[in-house]
Each structure stands twice: as structure tokens, then as C-alpha cells.
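Take a moment to look over the sequence and the fold below. We will walk through a few parts of it together, one step at a time.

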Amino acid sequence: MSTAGQPRVVTPVWEVTRPARPGRVPGVVMAGLRDRGPAPVDHRLDPHPVLTLALACGEAVLGIDESTGRQHRGSLVTGLGFGVGGEARVRAANVEWVQVRLSPAIARAVLGAGPAELESSVVALDDLWGERRAARLREQLAEASSWEERFARVEASLAGLCAGGPAIEPELAWAWDRIVAGHGQVRVEALADELGWSRKRLWSRFHAQLGLPPKRAVQLVRFDRAATRLAGGQTAAGVAADCGYADQSHLHRDVVTFTGVTPAAVAGQSLVATADMAWVDHVPRLPARWGKAPASRFDGPRRPPPPAGGATRGGRVPGGVRMYGPVTGVAGAGS
């Protein structure tokens, strides 16, 4: 049977290990990743609606190269939406690391910098935590004898940071979680109305604390879901309808804007592995966070319900990024 015109399926390169038990730090999801490809990794990074910590576990170095020529090596943090346009790449060989995805609602508590300060950027963990703290965790991860021990040590560090750290305004945490729970199929006007805020007030506070306007957040979350489904083998027509796009042209424009390639190119890539789809599609949530808002801000019949769904919903690899198969010799491969 002819295979002309069919996308080439690339062998996944990442071995993904998930924690055996649910995490105890809200707004955090983790996984252990190990490069198991036959050649050095060279992948495009696509944006994802999380902030991401890539914590090195050994001597091999993880790197991210930007289109500007800037290079980043070691344990890294990528901001919300980093990788727009597909002009950044991850490079590594024989590397393993713990990837931590953070809800923007807890980013300041964990990192010491808010999502607005880190939006669309990549920063060395040493610069945020200080060399001593970052080096101590790096040593603990290198000495750990199993992924579960690594997860436990990372979680202990994050729990201590979250205990008394500041967060974004609870109304904004609620609005962000509403967008994630709705897979990006929510109207900004409806969010403002449910909060009892004007659109201008929601826009200014959302942008100041999250680093992007609410409409852009909606687009990012919707794109993330669409890209996962395209890479998982769904048709562009089906994805456009399922993810709330007006038509395939609308989907095409969004995918090109966020990745630099067409939906067909994204659909031709292989995700880490079919069994790892739950990890690839995981975005941490904080459904209870909104309830900490002062009652006066949610008084009366406008008081919004908590977003539906569980504590978490499935995300990607460094920089909030999906990782696909090897790039070498594959046209349009990446992310």
C-alpha cells in the first residue's frame, strides 16, 4: 500500500516517569525525563500554559538555544508562553532531569519572581534561587537512587517555598483556572462579568500579574489543547471543531503563530509515546485557590462557582514544551 503523502512517524526519544502517588503541593505536576535516543537531541520548543523548571539530575547538560543566539545550560526555568514562533530549541545528549510544571498562581512563591517577570523568557535557576540553594538541590537529585526519591526531594523543596510565599490575587488565580478548565473556550467578557469587574480592570490586573492579556491566555490554552490533539493523530477539521476554532483557517493561523509551522507539520510528529499522552496534556490547576478571596469581592448573586474538574489536568517538556522525535533528517520536525 502506498504511503505517499502520509506524515512520517518519528520514534519518540523521551522516557517519561510519573510519580507513583498524587503530589501534595497544589498547582504542581512533575515527571522524570530521560533521553533514550540514539543521537543528540535537537528539538523545537513550543509554548505551553505553565512555567517550567527543568532540574538537572546528573552531569549531562540540558540546553536551550534562542533565535537571538543566546544559549542557556543547566537547571533552567522557562516562563509562561516561552517558545512562541518555534524559534527556540532544546539541545541535549544522554541527559535526565525532573520537569516541574507550575501554575502561574504559585510561581512567585516557588521562584521568587512572578509570571509577569518571567513571561516568554528562560532563566538559570541559580539566578532565581541563588547558587547555594540551586546547587544543594542539584546534588540531592544526583545522589538519589530512584525517580521516586528525586520526586520526594523536589516536592519537599517546593512545599517549603509555597508555605508562606506570595501568590497572584485570588480572583486572577480563579480566572486563570477558569480558562484552563474551559480549555480556552471561554469569553473574557464572561470572566469579567462573573467576577463583577470591568473588562479594563480584568485586563490590567491580569496583564500586570500574569504577563499576558486574558485574551492571549485564552488563545495559549486553546492552542495547547489543539496542538496535543494534532500530534496525537486527530484531523485538523476535527481539532478545529473540538477546540472551539471558527474553522480550519483559524486553527491554521493560531498554530503557525505559536509554532512557526503548519498544523500538518505538527500532526506529522510523534509525541513522547502514546502511553505518555496524559503527561503531555497535563496543565496544573488550583481549583480551590479562588475561595481565598475576601468575601466582599465575591458578594451576592455574581459570586462565581469554583471551576469544575479535578485538581490537575494534564503539559510538556522544558519550557512548557512538547518533545517529539529526533529532528535529524525529518522536514518540519520539532517540538
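In which sense do strand β5 and β6 pair, and over how many bridges? Strand β5 (residues 63-65) pairs with β6 in the antiparallel sense, over 3 bridges. Here strands are DSSP runs of E with at least two residues, helices are runs of H or I with at least four residues, and both are numbered from the N terminus. Two strands count as paired if DSSP finds at least two bridges between them. Within this pair, G63 stands opposite R73 in β6.

Before going on, please note that this is a predicted model: local features need pLDDT of at least 70, side-chain atom pairs count only at pLDDT 80 or more, and totals for chains, interfaces and linings use all residues. Residues are numbered from 1 along each chain as its sequence is written, and side-chain values use heavy atoms, leaving out hydrogens and water.

Now step back to the sheet. Its 4 strands follow the order β3-β8-β5-β6 in an open sheet with antiparallel pairing. Because β3 (41-44) and β6 (71-73) stand at the edges with a single partner strand each, one side of each is left without a neighbour in the sheet.

Next comes helix α4. Which residues of α4 are buried? They are A134, A135, L137 and L141, where buried means under 20% relative accessible area, exposed means over 50%, and partly exposed lies in between (1.4 Å probe, protein chains only). The buried residues of α4 pack against β4 (51-56), α3 (125-129) and α5 (147-162), with contact meaning heavy atoms within 4.5 Å. On the face of α4 turned away from its buried side you will find the exposed residues R132, E139 and E143.

Finally, look at L210, which has its place in helix α8 (residues 199-210). Why does L210 count as buried? Because its relative accessibility is 0%. Leaving aside residues up to four places away in sequence, L210 touches L80, P104, P115, A116, E119, I168 and W176. L210 and L118 are 92 residues apart in sequence, yet their C-alpha atoms are 9.1 Å apart in space.
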